[in-house]
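Some notes on this model follow. They start at the ligand and then turn to the domains.

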Amino acid sequence: MALQWYPGHMNKAKNQVQDRLKLVDVVIEIVDARIPFSSRNPMLDSIINNKKRVIILNKSDLADSTSSKKWQDYFESKGINTYIVDSKHSNNMNNLINNIKKEVAQKVEKYQKAGVKNYRIKAMCIGIPNVGKSTILNRFAGKNIAVTGNKPGVTKNQNWIKTKFDFDIIDTPGILWPKIEDEKIGLKLALTGAIKDSIFHADDVALFALDYFKKYYPDKLKKVYNLSDENLGYENPELLLFLTKKSGMKDDFDRMSEKIMMDIRKGVLGRYTLDQVDEVENAIN
Ligand SMILES: Nc1nc2c(ncn2[C@@H]2O[C@H](COP(=O)(O)OP(=O)(O)O)[C@@H](O)[C@H]2O)c(=O)[nH]1
Ligand SMILES: [Mg+2]
């Protein structure tokens, strides 16, 4: 399969992440709530060391809320506090910021005991492209922010967004690449719009989507495409071909595939989650 990143880029990205990790007290890892496993790169687990980390399940407005809760429980069972967030519609991140501050409370206390007044917590957001890093940064920044210049004592050209919470965030998020170690992960990334359409054929994505929704969300499929129980019993590719005809596209299954993909991306079929906790072993390690 086509790889979007050459090893050189990977190493560079990894080094950049590693360097900037040193500057912060806490890492805010952002994943897409619809694919909490497929939208993260486990490399972060190995380079994070003892750094405090929280996970944000973003785009929760698009995800199946039962699944989001399961993923939250899963990550928390691994010792990582996890927050279900819809950064597109919610502009109040105060609660989240206060919770993240609690993660580093001990460290702040230690500094205070040592005589450091007004210690400002330093954080960085990190995640694969398109999970909502910039959106969340803007939310954190609110309207009271100023992007400050170089901070004494830290790497040059590192700009910090100052929030009103004794809490500063690096203004450019850390970017990891998705780890497409099997085709399914790639198809899920394509279906949610996380990776370029050109990497997979629309019909492969649509066939995957139909199989997945048949298994996990049959009622959504039935409702949106007006299918009977009998229709739903069709195996692929019959189901795709049937839908193509039914939608008046004759045998243009490419066009129908495109439509199915876009319908799912836009949420026409409602909320869904494509990674199931019980189908993924050791999502975090
Ligand atoms: N529905 C929904 N869309 C979101 C959410 N957060 C971000 N987006 C959208 O996802 C797309 C990518 O967001 P962006 O912040 O640019 O992602 P980045 O590449 O990680 O910086 C944009 O179209 C956002 O409007 C969310 O919580 N819900
Ligand atoms: Mg961005």
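1. An oxygen atom of ligand 1 sits 2.8 Å from a polar backbone atom of S87. For K88, a backbone N or O atom is 3.3 Å from an oxygen atom of ligand 1. The side chain of T135 places an N or O atom 2.6 Å from an oxygen atom of ligand 1. Taken alone, ligand 1 exposes 580 Å², and the protein buries 74% of that. Accessible areas are Shrake-Rupley values with a 1.4 Å probe; for residues, only the protein chains shown count as cover.

2. Ligand 1 is surrounded by 14 residues (a heavy atom within 4 Å). The closest are D61, S87, N130, K133 and T135.

3. This is a predicted model: local features need pLDDT of at least 70, side-chain atom pairs need 80 or more, and totals for chains, interfaces and linings use all residues. Residues are numbered from 1 along each chain as written, chains are lettered from A and ligands numbered from 1 in written order, and side-chain values use heavy atoms, without hydrogens and water.

4. The chain splits into domain 1 (7-175) and domain 2 (201-279), with bounds from an automatic or database assignment. Their centres, over C-alpha atoms, are 35 Å apart.

5. The area buried between the two domains is about 1,100 Å², 48% of it from carbon and sulfur atoms (accessible area, 1.4 Å probe, lost on being put together, summed over both parts). R34, D64 and W71 supply 44% of what domain 1 buries against domain 2, more than any other three residues.

Notes:
Polar contact = N/O pair within 3.5 Å; in protein donor to acceptor, adjacent residues only side chain to side chain.
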